[in-house]
Amino acid sequence: MALKKSSKHFTQTAAFKQIMKRPCSSFGKNENGYPQDVPKGHFVVYVGENRSRYIIPISWLTNPEFQNLLQTAEEEFGFNHDMGLTIPCDEDDFCSLISMFR
């Protein structure tokens, strides 16, 4: 089910852009404060009960299934917090879903 382009979609996009501007916690950081292990054009999400860390290509943001995950994350946690972008999803389900994107 695809998200319709609406004012809510634009609000989510704006919120996500704010998250992307904030440095996130990681192992090492470059001179701009961003994690060294995250290549340009990617971002980090945390998934599952153990908050496993995944590096995701930004291009996945256009995928309707991934947009649904982001909407669920917003409903569960909101986008205004310091936890990093957390996807409230079972890790096995997340891995199955992202395997379809590759």
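Among contacts (heavy atoms within 4.5 Å) between residues at least 6 apart in sequence, 47% join residues at least 24 apart. This is a predicted model, where local features need pLDDT of at least 70 and side-chain atom pairs count only at pLDDT 80 or more, while totals for chains, interfaces and linings use all residues. Residues are numbered from 1 along each chain as its sequence is written, and side-chain values use heavy atoms, with hydrogens and water left out.

Let's walk along the chain. It has three helices and three strands, in the order α-β-β-α-β-α. Helices (H or I, at least four residues) and strands (E, at least two) are DSSP runs, numbered from the N terminus. Of the 102 residues, 35% count as buried, meaning under 20% relative accessible area (1.4 Å probe, protein chains only).

Now for the inside. A nonpolar core is a set of buried Ala, Val, Leu, Ile, Met, Phe, Trp, Tyr and Cys residues joined through side-chain atoms within 4.5 Å. The largest one here has 18 residues, and V45, Y54, I56, F66, L69, I87 and F94 touch the most other members.

Helix 2 gives the largest share, four residues.

Take a look at F66: leaving out residues up to four places away in sequence, F66 touches F43, V45, I56, W60, L61, F94 and F101.

What about Q67, buried or exposed? Q67 sits in helix 2 and is buried, with a relative accessible area of 12%. The side chain of Q67 reaches the backbone oxygen of L61 at 2.9 Å.

Methods
Buried means under 20% relative accessible area, exposed over 50%, partly exposed in between (1.4 Å probe, protein chains only). A polar contact is a pair of N or O atoms within 3.5 Å; within protein, one must be able to donate a hydrogen and the other to accept it, and residues adjacent in sequence count only if both atoms are side-chain atoms.
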